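Hi everyone, thanks for coming. Have a look at the slide, and then I'll walk you through a few spots.

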Amino acid sequence: MSPTRRSVLKGIASAAALAATGSPEAFAGPLPKKTSPSDAVGLLYDATRCIGCQACVVKCKEANGMPPDTGTPRGAMYDAPDDLNSKTKNIIKLYKGEDGRTSFMKAQCMHCVDPACASVCMISALYKGPRGIVAYDPGKCVGCRYCQTACPFNVPKYEWNTAFPKIVKCEMCRHLVEKGGIPACAAACPREAVIFGGLETLRADAKGRLAGEPKRYFPKVYGETDGGGTQVLYLSAAGIPFEKLGLPDLGNESGPALSENLSHAVYQGFIAPIALYAVLGFAVYRSWRSQGLGKGGEE
Amino acid sequence: MSHKHEAAAVGGPILTRTFIACLAVFALSIAVLAWRFVVGLGPTTGMNDGYPWGIWIAFDVVTGTALACGGFSVAILCYAFNEGKYHPLIRPAVLTSALGYSLAGASVIVDLGRYWNVWKIPLIWNWNRNSVLLEVAVCIMTYVVVLWIELSPAFVEVWEKQEKYPLLCRAARRVHGWLNRYLVAILALGILLPTMHQSSLGSLMLVMTSKLHKLWHTPLLPFLFLATAVLMGYAAVIFESALADEVFDRPRETKILASMSSVMVGVLFVFLGARVIDLALRGRLGLVARLDFYSGMFLLEMALFLAAAILLLSRKRRDNPGVELISAILMMLGGSLYRFDTFLVGFLPGPGWSYFPTIPEMTVTIGFVAFEVLAYLFIVKTFPILHTGVPSHALGMAAAKPSD
Ligand code: SF4
Ligand code: SF4
């Protein structure tokens with residue numbers, strides 16, 4: 001999208017907002033771009049190092065007290081989730097290309113810098129907590145599932161088969177991190193395919209690996225800016241773009257950047273609604289008078 | 001305004017066959033709901049982690065409240081633009097709005113997984129001001145109350161005449177006095193709140209920059225949702241009034257409706273123009289030319305609206321009640337499809353996910369609609385909602401003529 005097009009668009013949006021609310025606030029400037037706190041932590045997953053052993057999947061369940069997700073192919077029972085679900089916060093998937101090349105892929109919450117899930121949640125049951133970890137508080141959750149529809153990575157899962165459900169998603173083992181520990185997946189990995197650390201350190205590390213072995217990697221660190229940035233970063237093998245691994249092309253703006261800017265423009269300080277109410281109140285009063293209503297009980 | 005319009009109860013037996021049929025369907029939906037509250041949403045609905053919102057949101061709430069925007073559309077014309085001639089349409093429109101919104105509210109509760117926490121939503125210190133859904137929720141909750149207050153003169157008019165029950169009678173008179181004084185403030189709220197939450201229903205999808213199909217995702221979403229709310233509300237008024245006139249054998253209110261139609265033609269063209277220009281400016285018209293499933297849905301929406309606009313374009317056709325009814329139905333379909341597409345069809349969670357409502361899920365939706373019908377029948381027969389169609393000075397004559 002060219003800058004001129006974008007500005008035209010902004011103009012239309014503002015005009016529409018103006019038409020909808022009659023407010024000059026619609027032209028207020030955009031909110032500053034969100035950033036993670038300076039002590040933010042994250043994960044770096046290097047797909048070229050992962051051997052698909054699933055140790056992280058097992059240890060994640062253990063650390064979070066998650067039940068097995070059992071399947072019984074050929075009669076024997078396996079803990080074999082087929083995707084992230086209400087019993088699985090972390091999973092290793094396999095990508096197989098037309099050319100027969102394969103790559104493993106770890107999926108869990110990306111701990112977005114500007115998380116859509118937290119932006120949309122009515123009373124902040126999902127919220128960006130200490131060190132930028134996106135955390136869940138079931139005590140506030142009403143189960144509207146807006147977080148699920150809003151998350152660009154389809155991460156939050158819902159306990160569909162119970163009368164008293166919760167939202168389930170990776171919280172970067174915050175109960176361990178709070179006590180100075182590290183997430184179970186990073187602790188479990190025998191190949192250091194996933195490592196835990198400060199966000200800035202991880203970013204530098206990822207870029208260093210790219211620069212050091214350009215032939216080994218697809219030339220991009222996913223999560224550096226994607227969707228406004230994520231605290232979980234990815235490296236993929238050369239020739240395997242991130243979309244193949246299920247990481248969508250989101251551009252550099254987060255979803256909330258658009259929705260919050262627009263509603264901020266319209267509802268800033270609640271001035272527009274109050275002004276509109278005043279105008280409406282006056283108009284209704286005038287009609288009320290001239291239409292001879294409200295007197296003598298004839299509505 | 002020189003003459004006043006009077007509303008009167010339609011009267012007649014309550015327990016008709018339609019009423020009992022609706023009651024049966026509603027009872028069935030309650031049974032399904034009991035099951036839903038025991039086993040959860042998984043076994044009862046088609047929803048899943050890819051499609052966490054199904055028809056209870058996309059139809060009952062997002063489409064249903066727009067079809068229930070009659071009270072809003074007529075109130076804008078009648079009060080905000082001081083067109084008193086629309087006044088006879090207000091009460092029936094507000095009644096269907098009150099019913100539609102109340103049931104949308106009920107659908108939300110049924111859909112919420114952790115409904116026992118809802119009492120925390122109104123607590124201001126909990127609010128996440130960035131959440132569009134919060135605004136929608138608070139606004140709709142308030143609007144339901146506002147609608148019933150707007151409608152309450154119809155109830156107190158009846159109750160204050162119940163001399164047999166002096167307490168009820170006195171309370172009703174007190175309330176009526178209060179309403180006469182403060183209804184202006186409530187009526188203004190009745191226009192403000194739908195303006196806010198109907199546009200915000202569109203804003204709900206703004207955040208889904210990557211998951212909503214590009215034919216539907218646009219910064220104009222709030223505006224387009226507001227426009228469709230006005231259009232669908234108005235179309236629903238025409239539809240209901242045609243239906244009420246048919247069922248209760250009453251004179252048609254064509255004249256008033258026809259002049260409303262001329263206003264709607266303008267709104268229709270603004271909606272159509274805005275969508276096309278928006279797509280063109282952002283270089284997305286190619287998506288329409290693709291002629292795949294999505295462009296087909298898009299074109300169908302546009303065709304329904306365009307057909308309605310063309311039908312209403314000429315004065316002569318507008319005055320024809322049959323044409324008007326058809327255009328109203330086209331608008332209701334177009335608007336419903338637009339909203340349904342935005343929330344379900346155009347919602348793309350990624351490969352491997354699919355959704356189709358289950359029979360229990362549909363039963364609940366149909367049961368709620370059935371409840372709406374039976375409540376409507378009961379209320380118009382018991383309370384002065386529908387307009388008698390004649391100026392009040394002729395009312396003596398009209399009253400002599402039986403109107404079942
Ligand atoms: S990946 Fe999804 S669930 Fe995780 S922080 Fe981002 S938006 Fe929230
Ligand atoms: S389901 Fe719970 S956590 Fe998710 S958006 Fe709704 S209230 Fe927030």
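Predicted model: local features only at pLDDT ≥ 70, side-chain atom pairs only at ≥ 80, totals over all residues.

Residues are numbered from 1 along each chain as its sequence is written, chains are lettered from A and ligands numbered from 1 in the order written, and side-chain values use heavy atoms, leaving out hydrogens and water.

Strand 4 (residues 91-96) and strand 5 (residues 102-107) of chain A run antiparallel, paired over six bridges. Strands here are DSSP runs of E, at least two residues, and helices are runs of H or I, at least four, numbered from the N terminus; two strands pair if DSSP finds at least two bridges between them. Lys96(A) sits opposite Thr102(A). Five residues lie between the strands, and Gly100(A) in the turn has a positive phi of about 85°.

Now, which residues are closest to ligand 1? They're Cys109(A), Met110(A), Cys112(A), Cys117(A) and Cys151(A), out of 13 around it, where being near takes a heavy atom within 4 Å. Around ligand 2 we find, among others, Cys121(A), Cys141(A), Cys144(A) and Cys147(A).

Over to chain B. Val25(B), Phe356(B), Ile359(B), Met362(B) and Ile366(B) make a nonpolar surface patch of about 510 Å². Helix 14 (residues 359-382) gives the most to that patch, three residues. Ile359(B) belongs to helix 14 and is exposed, at 66% relative accessible area; exposed means over 50%, buried under 20%, and partly exposed in between, with a 1.4 Å probe and protein chains only.

Key:
Patch = residues over 30% accessible without salt bridge, like charges linked within 9 Å, V, L, I, M, F, W, Y side chains within 5 Å. Areas by Shrake-Rupley, 256 points an atom, 1.4 Å probe, with all protein chains shown as cover. Salt bridge = Lys/Arg side-chain N within 4 Å of Asp/Glu carboxyl O.
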